[in-house]
Amino acid sequence: MSRSPARLAEAMQVEACPVTEVLDHVAGKWSIGILIAAAHGPIRFTEIERAVNGISRRMLTLNLRRLERDGLLVRTVYPTVPPRVEYDLTPMARELYASLTGLVDWAERHRSAIAQARAAYDAAEEERTADAV
C-alpha cells in the first residue's frame with residue numbers, strides 16, 4: 001500500500017523537524033564553541049564561560065541545557081560544598097566534533113580568500129549604488 005503524496009510530505013516533515021531543530025542547536029552561535037571547549041575532557045561551567053568569548057551566563061546555561069537535552073553533553077554533579085558540576089561530550093558529540101574541527105579548519109584556511117571576496121563584492125556594490133544615483 002503506497003502513501004499519498006500529501007501523507008508522504010507530512011511524514012517527511014514530521015521526521016525532518018527534529019533534524020532541523022538539532023542542526024539549529026548545533027550550528028547556533030554558541031554551540032560550536034561550547035562543544036569545542038568540552039572536547040578535551042570534563043570541563044566546568046566557568047571554564048566554558050572563559051573559553052567561549054562573549055557568551056553571557058544566561059546564554060551559556062540555556063545552550064548547555066539544550067545540548068544536554070539533545071544528547072550531546074553529559075552533566076555530572078559532584079556532591080561537594082559548593083557543588084561541582086562538569087560537562088563532557090557524549091560519544092555522539094565526539095563524532096560531531098570531528099566534523100566541527102573540519103569545518104573550523106576549512107574556515108581558517110579560507111579566511112583571507114573570504115575576506116577578499118567580501119571586499120570585492122562590497123566595492124562592486126558601492127560602484128553599482130553610485131552609478132544608480
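In which kind of crossing, left-handed or right-handed, does α2 pass α5? I will come to that in a moment, but let me say at the outset that what we are looking at is a predicted model, and that the secondary structure of its chain comes to six helices and three strands, which, read from one end of the sequence to the other, follow the pattern α-α-β-α-α-β-β-α-α.

Now to the pair of helices. The axes of α2, residues 31–38, and α5, residues 91–109, come within 10 Å of each other and cross at roughly 115°, which means that α2 is roughly perpendicular to α5. As for the question I opened with, the crossing in which α2 passes α5 is left-handed. On the α2 side the contact is made by Ile-32, Leu-35 and Ile-36, and these meet Leu-96, Tyr-97, Leu-100 and Val-104 of α5. Of the residues in this contact, seven are nonpolar, with no polar and no charged ones.

Finally, for the chain as a whole, buried residues make up 23% of the 133 residues, and, among contacts with a separation of 6 or more, 47% are between residues 24 or more positions apart.

Conventions. Residues are numbered from 1 along each chain as its sequence is written. This is a predicted model: local features need pLDDT of at least 70, side-chain atom pairs count only at pLDDT 80 or more; totals for chains, interfaces and linings use all residues. Side-chain values use heavy atoms; hydrogens and water are left out. Axes are lines fitted to C-alpha atoms, for helices over the stretch in contact, and angles run from 0 to 180 degrees between N-to-C directions. Helices (H or I, at least four residues) and strands (E, at least two) are DSSP runs, numbered from the N terminus. Angles under 35 degrees count as roughly parallel, over 145 as roughly antiparallel, 65 to 115 as roughly perpendicular and the rest as oblique. A crossing is left-handed if the near helix is turned anticlockwise from the far one by less than a right angle, and right-handed if clockwise. Contact means heavy atoms within 4.5 Å. Ala, Val, Leu, Ile, Met, Phe, Trp, Tyr, Cys and Pro count as nonpolar, Asp, Glu, Lys and Arg as charged, and the others, Gly among them, as polar. Buried means under 20% relative accessible area, exposed over 50%, partly exposed in between (1.4 Å probe, protein chains only).
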